[in-house]
Every structure is written in C-alpha cells, then in structure tokens.
Amino acid sequence: MAEFRSDIEIAQASEMLPVTEIAKAAGVEERYLEQYGRYKAKIDYNLLKECTRPDGKLILVTAINPTPAGEGKTTTTVGLADGMKRLGKNVMVALREPSLGPVFGIKGGAAGGGYAQVVPMEDINLHFTGDFHAIGAANNLLAAMIDNHIFQGNALNIDPRKITWKRCVDMNDRQLRNVIDGLGGRTNGTPREDGYDITVASEIMAVLCLARDISDLKERLARIVIGYTYGKVSEQKPVTAGDLKAQGAMAALLKDALKPNLVQTLEHTPALVHGGPFANIAHGCNSVTATRVAMKLADYTVTEAGFGADLGAEKFLDIKCRMAGIRPDCVVIVATARALKYNGGVPKNETGEENLEALERGLPNLLKHVSNIRDVFHLPCVVAINRFPQDTEAELSLIREKCRALGVNVALSEVWAKGGEGALELAEEVIRLADEPNDFAFAYDLDLPVRDKIAAIVTRIYGGSGVAYTGEAEKQIRQLTALGFDRLPVCMAKTQYSLTDDPAKLGAPKDFTVTVRSVRVSAGAGFLVALTGEIMTMPGLPKVPAAERIDVDENGKISGLF
C-alpha cells in the first residue's frame, strides 16, 4: 500500500513552474503581470479593457449542504479543471482566497486537497499577497474616521448608538464580538458599544469582490452606510463613507488588492485566487474581476461558490451574475455518499459503512439542490460524486438511479487520489452540457418588495412554507424601504448546514418557517443582508483549533496545514 501523504506534504513535494510560464500559457502579456516572488503574481485588471477575445464558457461548482463528513468542493473544482486540461481544453480556475479564521480554526488549509490543489499551498493559506490585510486596513481606517469625526465635533450629527460599522480582524475571536471602546477620558475618544467582524464579513470584502475597476470601487466605497443621524426613526438619515470623505484613502489601500492573484494547480493549470466573502454571511464567491479575467483568457472557466447550493450558488446566480452580467453554462453539484448518509441520520463515525436506507433518507438533500438548479435557475447540471474508498457499488448505483430519475447524470470524481485523471468522466460530461443552450433565470425579480424577495428564496430555494419577522426586522424593512434600498437583491445570512435556519434539520425538510431577525443594508456592495438563526459575523475558535497542529521547523518548512 502506498504511504499516505497529507495535503501539505503533496503540495511541498510538487514541482511548480515559474509564474511567468503559467502566465504565458494563460495568454497574459508581461505588461499585465506583477510578480510576488517566483510562484505568485497579480494581473492588472486593465487587461479586461484591452483584450478583445470573446468570453469563454463558465462552469459553476456547488454542493449539497456541508456536513462533518466532508464534500470536497474545492478539490473537485481544481481536479475538474485539470481533467478538462487533460482533454485538451484551454481552461482556468477561479477560486476564493482562504481566511485565516478557518485556517487556524476548524478547516486547516483551504486550497483543495490531495492531488487536486492550487499551489503554493502554504502561501495561499497564510497571508498570500496581502489582500485580506489591505481589506482589514481599509475597514479599520473607516472605523477610525467615524470615531474621529464624532470626537472632532460631529458635524454630520452621527448618533453613536446608531453606528452600524464595526472594526474587523481576520481571525476567529469571540472575545471581540462585543466591546466597549473610547475609555480613558475625553482625549481617548467617546465611549460607546462597538464590536469586531471577521474580515471576510466586512462589506469592504463584498465591495472589492463586486467592483469592476478602481472607479467602480471608489463609487461603491462612498455608498457604504456607516450609521444614522440623531432623531426619530422617520427623521434619521443614513451617513455614508462618502460623507466622511473616506473613499479615496480606502481605495488607495485597496488598489493592489483589486488585482486578481495568479497561481497554478499541481498540474500547472492557471488559477486565479482572489477575494473570499463567506457564503453564510456574505455572497460567497471569488471576485467578479477574477472571473471576468479568467473568462477573457480561457475557453472554460471553472469556479465555485461557497457552502451548499442554497447559499453560495443562489447568491452567485442572483447577486454576482446579475451585477456582472454573466451566466454559467453548466453547474456541477458535488456530493459524497458519506455526507448523504449523514443527512440520513447516520453518525459521522459510521458514514464509512454501507447503509442504503440512510443513503436513501439523505438523498432528498441532493435532489433538492438538483431541482433548484434545473427548475428554478433553468441551468444544465451534473452531480459529481466525490468518491471515497469505502463507497460501495450499491451506494453509487442508488445515487445514479435517483438522479437519473430527474434526468441528471452522475459522474464519479476521484481527483483527490488521481488529480485530473480522476475527473475525466466528469470533465467530458461538463464539456457536453456547456454546449447545450439554457434559459437561465433568476429566483426573484428586483422590483419585488423586500419581503417578497425573501419569501421567494425561502419557498423556492429552501423549500420552506413561509417567513416570520421579528419586530426589529419589520422596523428595519420599513426604514430601508423608505430610504429607497428596497430594490436591491437580498443576501441571506443563514446556517450552511441545513436548508432551514436550524442547523439540526438535515435532509430536505418541508413546511418550515424561516425567521428573519434583522435586515441591514450593504449599500456599497449593493445588497440587503437578511440575518436568520444564530449566524454571527465573528466566529469563535473550536475546543481544539487547527492552530494547535500547525508548526514550522528551523528550515521554514510548515506542517499541519491539512
């Protein structure tokens, strides 16, 4: 039996090509390339204005609701691109950047796995090209300017109790969720309740990922609502970053972060890794700029959306595609037999054993996501079964049978162990489907009232029966509607583990109600955020954080990153 090697050991043993060779293979001229060492570079987004090549096809990879048993969405995305390359296709990958929070929290590394990874894996997971630090600096500059404005006389009449803008840090730190700052006397500021978000939950992250260029970035930054003025609810006016004249300095901090990062897969397929909003808090997709650059350079772009299709894919389609004017040509839905059995009620430690009854109980979760892609968004799709050694032929046959009853093909993915070779069946099906015409449609119309848009997502995508609102949410919807924000798309903040707002309800529940506890505006990003359940914008570390197993030796070699 071959010796088992961890993801980081496989990555460290790989032979990377200089990024200049990757850029040349991708058709990136030297004048657009800004190198960050030997294996990383940024691409100047002005390439989009000057390249006349028609856009290639777009492949979206999504998944069932995530479980502790694992799905392997990023691994499948990378392996699929490598498989398409093996079939002679001109292909690029477009992925999100990992956040340090999950890297040191639960997940460890987040650059794919096994023989389907993007490299240099350690750099991508740890600091990379500094994009997240730039986003945090821009976020915290705005926070500092808010409090300084109040300290200097508060000419904008900002109510400190109505400030909605928080500081941020790219780390899971529950201690910072709620703080009181400005203590120590008048020269140290005005005392007030405050808090921190994780950087990937900052609206700056969403703005960066949706901006087309530096001009659009500055316009979006200026629109960010940081709080409200004193007065009754009907008299309160939103205060923006533009009112504080902060957008220019913030954009200066972000000018390089706006440029996509070029790296490679283990099989030297060009990969753009850029931006990283969480899908259960924000819209969960890599940047519009990276996707558009990849589509301009390659015949096929393979990208992914965060968590399950109810979150990442819905937001990719209803928010990102709507704003960017793009649409997928094919969707891949990743699942594992293990995760489906977990959805069917099997404990994680028993998911490696054959259990057709549990598998059949869990399959409705997969079939609901398939139905949404086909019947709500009207896109062709294929189910990719990320195969594990313990999977039996009977289990795989059952998955194929249930999917084919809906007219959807199933392809095995063995990319963790075999790289691109393990994705050839999937790659062939994706290429076939991408050539089929589709009647892509959004899940809701922008002209609908806020409640109707939320109801459309809950009933059409989640399968719920209705929506309940807290009194606070009702009040916020009325205020946001009066301020003219009601025509924005809706970004649902919901647990990733269930189609409902209750993480314990697995499978495909029916006749449930989703409770919206708060609605806020991300005017710079261009959407409303509806918060449900116990979703928090600052996660905490688990009892045994991944950081405990991460180390570096005297030669600078890192271990423990997956």
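Biologist: How many nonpolar, polar and charged residues are in the lining of the largest cavity?

Modeller: Rolling a probe the size of a water molecule over the atoms shows where empty space is left. Here the lining has five nonpolar, four polar and two charged residues (nonpolar: Ala, Val, Leu, Ile, Met, Phe, Trp, Tyr, Cys and Pro; charged: Asp, Glu, Lys and Arg; polar: the others, Gly among them). A cavity is a set of points on a 1 Å grid over the protein atoms alone where a 1.4 Å probe fits but cannot get out, and lining residues have an atom within 4 Å of a point. This is a predicted model, in which local features need pLDDT of at least 70 and side-chain atom pairs pLDDT 80 or more, while totals for chains, interfaces and linings use all residues. Residues are numbered from 1 along each chain, and side-chain values use heavy atoms, without hydrogens or water.

Biologist: Which residues line the largest cavity?

Modeller: Among them are Glu97, His127, Phe128, His133 and Asp170. The volume of this cavity is about 90 Å³, counted as the space filled by probe spheres set on grid points joined across faces, edges and corners.

Biologist: Which aromatic pair does the structure hold?

Modeller: Phe440 and Phe442 pair edge-to-face, at 5.2 Å centre to centre and 75 degrees between the planes (ring centres of Phe, Tyr or Trp, its six-membered ring, within 6.5 Å; under 30 degrees stacked, over 60 edge-to-face, the rest tilted). Phe440 is buried at 12% relative accessibility, whereas Phe442 is partly exposed at 31% (buried is under 20% relative accessible area, exposed over 50%, partly exposed in between, with a 1.4 Å probe and protein chains only).

Conventions: 1 Å grid on protein atoms, 1.4 Å probe; cavity = no way out; pocket = protein on both sides within 12 Å on 5 of 7 lines; lining within 4 Å.
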